[in-house]
Amino acid sequence: MEELYSQIDRIRGEGYQHIRCQLGFYGGIPDSLKTPDQPMAGTYFDQDDYMRNTVLMFQKLREKYGFAFHILHDVHERLYPNQAIQFARDLEAYKPYFIEDLLPPDQNEWLAQLRSQCAVPIATGELFSNPMEWKELIVNWRIDFLRCHVSQLGGITPALKLAAFCEPFGIRIAWHTPSDITPIGVAVNTHLNIHLHNAAIQENIELRDKIKAVFPGYNEARNGYFYPLEAPGIGVDIDEEEIKKYPVIYRPHEWTQSRIPDGTIVTP
Ligand code: MG
């Protein structure tokens, strides 16, 4: 918690009003782990530990900061459906801004039960790629925020259609903007947000210097807000000489080998 407090204080000092708070990695870092002998390699987490620690995290954050900023949290589909419902109910009292990906896309039918039992704001969508995946969730008011990834939808035009579809259902947009998106993607999202009346918040992850060198014209948030670039088009360029320094390297990503204590691999 001490590490989390110091990061929150720094981020609030930069003007942010919405902060996603996690303890350790997705699913948390277990206090102790009881695996079988010779466990398979991977990133282990314990769902019960994770739920208990995260509810405690919310409690401590509200005790320390009150409602000075909005708290977000990403479950990253680390729970089974009934656990997800219990977890959402436990968090409701702490009034999160939204809880993200409580369920994997193939379990989204459970959202009907979840909605009938608590009013925690639900965000999802970063894994969606076609309208069949979001259509039912929108027309049945199963979610509050869509977190789709613009390039995965097919680009700017499908993103505009999706956002316009959400608006009369009261569903808002928070485009997925993880650390592996480029500044071009961030600029596209910002332009869309300026245009859309149902844009809610824009995710931001600090740019490393290497990235800034490759993408001249990148935009950075000022005092918690992004502003649209005024250069023509999307507004960000690519330095084709600079980018040659960083050829694509394929390597295994251990974090995607997510395992529960008995070694079973689960969605990352
Ligand atoms: Mg996410």
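Buried means under 20% relative accessible area, exposed over 50%, and partly exposed in between, with a 1.4 Å probe and protein chains only. Keep that scale at hand for this tour of a predicted model, in which local features need pLDDT of at least 70, side-chain atom pairs count only at pLDDT 80 or more, and totals for chains, interfaces and linings use all residues. Residues are numbered from 1 along each chain as its sequence is written, and side-chain values use heavy atoms, leaving out hydrogens and water.

**Stop 1: the magnesium ion**

Select the magnesium ion together with Asp74, Glu100 and Glu126. These residues are its protein donors, through OD of Asp74 and OE of Glu100 and Glu126, at 2.1 to 2.3 Å. Donors here are N, O and S atoms within 2.8 Å of the metal (3.2 Å for Na, K and Ca); water is not among the atoms, so sites may look incomplete. Along the chain, the donors follow the spacing D-x25-E-x25-E. Glutamate 100 lies in strand β4 (residues 98-100) and glutamate 126 in the loop between β5 (122-124) and α5 (131-139), so the pair ties together parts that are 26 residues apart in sequence. Helices (H or I, at least four residues) and strands (E, at least two) are DSSP runs, numbered from the N terminus. Both glutamate 100 and glutamate 126 are buried.

Is aspartate 74 buried or exposed? Aspartate 74 counts as buried because its relative accessibility is 0%.

**Stop 2**

A salt bridge is a side-chain nitrogen of Lys or Arg within 4 Å of a carboxyl oxygen of Asp or Glu. With 35% relative accessibility, arginine 20 is partly exposed.

**Stop 3**

How many salt bridges does the structure hold? There are 10 salt bridges, and here are some others to look at.

- Select arginine 52 and aspartate 49, whose side chains meet in a salt bridge at 3.3 Å, N to O. Both lie in helix α2 (residues 47-65), three residues apart, about one turn of the helix. Arginine 52 is exposed at 53% relative accessible area, whereas aspartate 49 is buried at 11%.
- Select glutamate 242 and lysine 245, which meet in a salt bridge at 3.1 Å, N to O. Glutamate 242 counts as buried at 17% relative accessibility, and lysine 245 as exposed at 54%.
- Select Arg10, Glu14 and Glu206, which salt bridges with shared partners join into one network.

Stay with glutamate 242 for a moment: this residue is in helix α10 (residues 240-243). Leaving aside residues up to four places away in sequence, glutamate 242 touches Ala213 and Val214, where contact means heavy atoms within 4.5 Å.

**Stop 3: the cysteines**

A disulfide is a covalent bond between the sulfur atoms of two cysteines. In this model, a pair of cysteine sulfur atoms must lie within 2.5 Å to count as one, and the structure holds zero disulfides. Select cysteine 118: it is in no disulfide, and the nearest cysteine sulfur, that of cysteine 21, is 19 Å away. Cysteine 118 is buried, at 8% relative accessible area.

Cysteine 148 is buried, with a relative accessible area of 0%.

**Stop 4: two positive phi angles**

Select aspartate 101, in the loop between β4 and α4 (111-117). Its phi is near 45°, a positive value in a residue other than glycine. Aspartate 101 is buried at 4% relative accessibility.

Now move to tryptophan 141, in the loop between α5 and β6 (145-146). Phi of tryptophan 141 is near 55°, again positive in a residue other than glycine. Tryptophan 141 is exposed, at 53% relative accessible area.

**Stop 5: a buried tryptophan**

Select tryptophan 175, in the loop between β7 (172-173) and α8 (183-195). Tryptophan 175 counts as buried at 1% relative accessibility.
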